[in-house]
Amino acid sequence: LYHCDYSSDKIYELDPDTMLDSSSGGVSSPGAVPIGIGGTSTKLYHCDNNTDKIYELDLDTMLDSSSGGVSSPGTNPTGIGGTSTKLYHCDSTADKIYELDPDTMLDSSSGGVASPSTNPFGIGGTSTKLYHCDNIADKIYELDPDTMLDTSAEGVANPNTNPFRVG
């Protein structure tokens, strides 16, 4: 279990049972504003909306293993996550959701698809399901992992307000 904090510019590994930091204070993010963290069943990724980059992180050290990352397909990456085999990324400025190649981190969705709402801010999933949240609509959506289209009939209300992450 991993967590990124844009205030401290750090990435932490958390103990799944206690949800406490198990990484001795975390590691510095490869960019300046770590805003999203997630992955597939075998890889971990992080997006930074200051550098507009996506990074692959080493699972053992949490350090950048992607030689400086790759440019995000949009200009404001706000979420990254996936199912067991697929990787997705959302961008709040472009209002799009992209499927990324897990090996290259490049857009494999021909320019992405429009978000079901107005401000995609988090994306993640289980081994077979994909979820996305919108922090202006205050909704959480279930997306089809193949088409990235909303399958939840307009989403469900967030249990609180202003959702930023799901995963």
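A strand, as I use the word in these notes, is a DSSP run of E with at least two residues, and strands are numbered from the N terminus. The model I am reading is a predicted one.

**Entry on serine 109**

I looked up serine 109 and found that this residue sits in the loop between strand 10, residues 96-100, and strand 11, residues 113-114. Is serine 109 buried or exposed? Its relative accessibility is 15%, and because buried means under 20%, I noted serine 109 as buried.

I then listed the contacts of serine 109, leaving aside its neighbours within four places in sequence, and wrote down Tyr98, Glu99 and Met148.

**Entry on the whole chain**

Along the principal axes, the C-alpha trace spans about 45 × 35 × 25 Å.

I also noted that 43% of the 167 residues count as buried. Among the contacts with a separation of 6 or more, 40% come from residues 24 or more positions apart.

**Entry on surface and charge**

For the accessible surface I recorded about 7,800 Å², with 50% of this belonging to carbon and sulfur atoms. Finally I looked up the charged side chains, of which 8 are positive and 25 negative, and the centres of the two sets lie 3 Å apart.

Terms used: Residues numbered from 1 in each chain as written. Predicted model: local features only at pLDDT ≥ 70, side-chain atom pairs only at ≥ 80, totals over all residues. Heavy atoms only, no water. Buried < 20%, exposed > 50% of the residue type's maximum accessible area, 1.4 Å probe, protein only. Contact = heavy atoms within 4.5 Å. Areas by Shrake-Rupley, 256 points an atom, 1.4 Å probe, with all protein chains shown as cover. Lys, Arg positive; Asp, Glu negative; His and termini not counted. Charge placed at Lys NZ, Arg CZ, Asp CG, Glu CD. Helix = DSSP H or I, 4+ residues; strand = E, 2+ residues; numbered from the N terminus.
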